[in-house]
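Hi,

Here is the model we talked about, ready for you to open. Have a look at it first, and then read on for what turned up.

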Amino acid sequence: MKNHSISSAKDEGLIESKHMQIVESACKLFFTQGFHPTSIREIAEACNMSMGQLYHYISSKDDVLYLVHKHFHKISDEFIRKQNLDKCVSPTEKLIVFVKANLRFVYQNRKLIQFISTETKYLQKDYLKEVLKMEKDSTIRKYHELLIEVNKERPLKADLEVLASMLAYTVAFEALKGWTVSEKSIEEINNVVLDFVLRGVGLSDLVAKP
């Protein structure tokens with residue numbers, strides 16, 4: 001990533017704003033023509049920047065891919081924060097609300113998730129290590145924390161750390177494999193995923209009866 005000497009909050013805010021502009025413009029290209037076929041020049045044009053201006057904020061296309069990951073986790077965290085999980089009366093309710101919120105987030109951001117899932121492997125080693133840590137420290141960690149609380153309320157017969165990772169992947173089903181059931185509505189898919197999650201976690205008594 002381009003090394004900036006940030007001298008003020010204003011400078012930092014400008015850089016963040018420019019990074020967002022780059023991510024949003026680049027994603028429009030990535031989603032339609034792919035990461036590798038997209039050139040830095042095309043990204044600059046999409047951002048309404050000269051090459052020199054663009055290189056003031058990034059050093060390479062890898063930087064852009066890394067910024068896409070940062071953007072994804074930022075909007076994910078903001079979306080979950082708005083769900084007011086602390087208002088839930090029990091850990092079990094909080095877990096269910098969290099899963100439902102993530103199902104909605106996945107549907108709203110499925111193109112971004114599809115892109116990330118296919119292109120992450122192309123990141124340079126240092127960036128790859130960092131984005132994998134982002135994943136573990138955000139969504140997976142939150143699932144783990146919620147499962148620990150549920151386990152105190154009603155013991156779960158599973159390795160909670162492994163279960164947390166499995167939930168993060170399972171809830172992303174619609175974005176990753178939804179094409180296999182494209183004839184189904186998003187409501188049908190999400191209901192099945194939620195039931196599957198509840199049964200897998202050991203909360204089958206909470207599955208809605210047909």
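Let me start with the aromatics: ring pairs tie Phe30, Phe31, Phe35 and Phe115 together into a cluster. Do keep in mind that this is a predicted model.

The count of aromatic pairs comes to seven. One of them is Phe30 with Phe115: the ring centres are 5.1 Å apart and the planes sit at 5°, so this pair is stacked. It joins distant parts of the chain, with Phe30 in helix H1 (residues 9–33) and Phe115 in helix H6 (residues 110–119), 85 residues apart. Phe30 is buried at 3% relative accessible area, and Phe115 is buried too, at 5%.

Another stacked pair is Tyr66 with Tyr127, where the centres are 4.4 Å apart and the planes are again at 5°. Here the link runs from helix H4 (Tyr66) to helix H7 (Tyr127), across 61 residues of chain. Both tyrosines, Tyr66 and Tyr127, are buried.

The charged end of Lys61 sits over the ring of Phe35, 4.7 Å from its centre, which brings us back to a member of the phenylalanine cluster. Arg110 lies over the face of Tyr107, 4.1 Å from the ring centre.

Now for H7, which is worth a look. It has 29 residues and reaches 41 Å from first C-alpha to last, close to the 42 Å expected. Even so, H7 bends by about 40° at Arg141. Its buried residues include Tyr127, Val131, Met134, Leu146 and Val150, and the buried residues of H7 pack against helices H4, H5, H8 and H10.

What about salt bridges? The structure holds six. Arg141, the residue at the bend, forms one with Glu145, with the closest N and O atoms 3.7 Å apart. The two are four residues apart in H7, so about one helical turn separates them. Arg141 is partly exposed at 47% relative accessible area, and Glu145 is partly exposed at 37%.

Glu149 counts as partly exposed at 36%, while Lys152 counts as exposed at 62%.

Asp86 is exposed, with a relative accessible area of 71%.

Cheers

Technical notes
Residues are numbered from 1 along each chain as its sequence is written. This is a predicted model: local features need pLDDT of at least 70, side-chain atom pairs count only at pLDDT 80 or more; totals for chains, interfaces and linings use all residues. Side-chain values use heavy atoms; hydrogens and water are left out. A salt bridge is a side-chain nitrogen of Lys or Arg within 4 Å of a carboxyl oxygen of Asp or Glu. Buried means under 20% relative accessible area, exposed over 50%, partly exposed in between (1.4 Å probe, protein chains only). The expected span of a helix is 1.5 Å times one less than its number of residues. The bend at a residue is the angle between axes fitted to the seven residues ending there and the seven starting there. Contact means heavy atoms within 4.5 Å. Rings of Phe, Tyr and Trp (its six-membered ring) pair if their centres lie within 6.5 Å; planes under 30 degrees apart count as stacked, over 60 as edge-to-face and the rest as tilted. A charge sits over a ring if NZ of Lys or CZ of Arg is within 6 Å of the ring centre and within 35 degrees of the ring normal.
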